[in-house]
Amino acid sequence: MRAALIAALLSFSSLPADAQAQESAFLQSLGGDWSGTGMVLTKIGGTNFNVSCTLRSDAGQSAVSMNGKCRGLAVFVRTFSANVKASGQRYSGNYIGPSGQPSRLIGSRQGNRLNLNVTWARVVNGDRNATLMIEKVGQDRLQLQTVDKDLVSGRSVVTSRIDLQRPSAAEK
């Protein structure tokens, strides 16, 4: 009985290390160069713009730093960055979009997706709240998606969706 209790306690004591190792492996899988296309909605009810984007992601044991650039209509270029740190299974950090002002990110990981609540630095679409999802799709694909709430209808609206992939060996 005592041996079973000791074995159970030892297995529970290793859970945080195992969880941290899982978060580290997930974060490191986000590292590298990415490129792709998507759409950006400048405001709810407005026009969707098709964009072409590049992203450089530097990932460590407990944090990831993403710096990207999107071009649309050969007229505008917008840069963005996100820095996210894992503390156990909770994530926090900041996002800097075209306004240049840092917005707060807080959330958690579910499977291969980070679900982050965004608190914008200024009012966007009538409030300061949205959701940013960073999802690893297979080995070589990444999807960034922002969802905001339409305050008039109460419905969730995808305000940006960017599908990225790692460049093939031939493209490097």
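Student: Which strand gives the most to the lining of the largest pocket?

Tutor: This is a predicted model, in which local features need pLDDT of at least 70 and side-chain atom pairs count only at pLDDT 80 or more, while totals for chains, interfaces and linings use all residues. Residues are numbered from 1 along each chain as its sequence is written, and side-chain values use heavy atoms, with hydrogens and water left out. On a 1 Å grid over the protein atoms alone, a pocket is an open set of points where a 1.4 Å probe fits, with protein on both sides within 12 Å along at least five of seven lines, and lining residues have an atom within 4 Å of a point. Taking strands (E, at least two residues) and helices (H or I, at least four) as DSSP runs numbered from the N terminus, the greatest contribution to the lining, six residues, is that of strand 7 (residues 113–124).

Student: How much space lies in the largest pocket?

Tutor: The volume is the space filled by probe spheres set on the grid points, which are joined across faces, edges and corners. On that basis, the largest pocket holds about 900 Å³.

Student: Which residues that line the largest pocket are the closest to its centre?

Tutor: The lining has 38 residues. The closest to the centre are Val40, Tyr95, Gly97, Pro98 and Trp120.

Student: In what order do the elements of the chain run from the N terminus on?

Tutor: The chain has two helices and 10 strands. Read from the N terminus, the order is α-α-β-β-β-β-β-β-β-β-β-β.

Student: What percentage of the residues of the chain count as buried?

Tutor: The chain has 172 residues.

Student: Is Lys136 buried or exposed?

Tutor: Lys136 lies in strand 8. Leaving aside neighbours within four places in sequence, Lys136 is in contact (heavy atoms within 4.5 Å) with Phe26, Ser29, Leu30, Trp34, Asn112, Arg141, Leu142 and Arg166. Because its relative accessibility is 7%, Lys136 counts as buried.

Student: How far apart are the C-alpha atoms of Arg113 and Leu142?

Tutor: Arg113 is in strand 7 and, with a relative accessible area of 28%, is partly exposed. Not counting residues up to four places away in sequence, Arg113 touches Phe26, Ser108, Met133, Ile134 and Glu135. Leu142 is 29 residues from Arg113 along the chain, and their C-alpha atoms are separated by 9.6 Å.

Student: Which residues does Asn129 contact, leaving aside its neighbours within four places in sequence?

Tutor: Asn129 is found in strand 8 and is partly exposed, at 45% relative accessibility. Once the neighbours within four places are set aside, its contacts are Val118, Thr119, Trp120 and Asp148.

Student: What is the value of phi of Asn125?

Tutor: Asn125 is found in the loop between strand 7 and strand 8 (127–137), and at 23% relative accessible area it is partly exposed. Asn125 is a residue other than glycine with a positive phi, near 55°.

Student: Why does Lys43 count as exposed?

Tutor: Lys43 sits in the loop between strand 1 (32–41) and strand 2 (48–59). Its C-alpha atom is 9.8 Å from that of Asp150, although the two residues are 107 apart in sequence. Lys43 counts as exposed because its relative accessibility is 52%.

Key
Buried means under 20% relative accessible area, exposed over 50%, partly exposed in between (1.4 Å probe, protein chains only).
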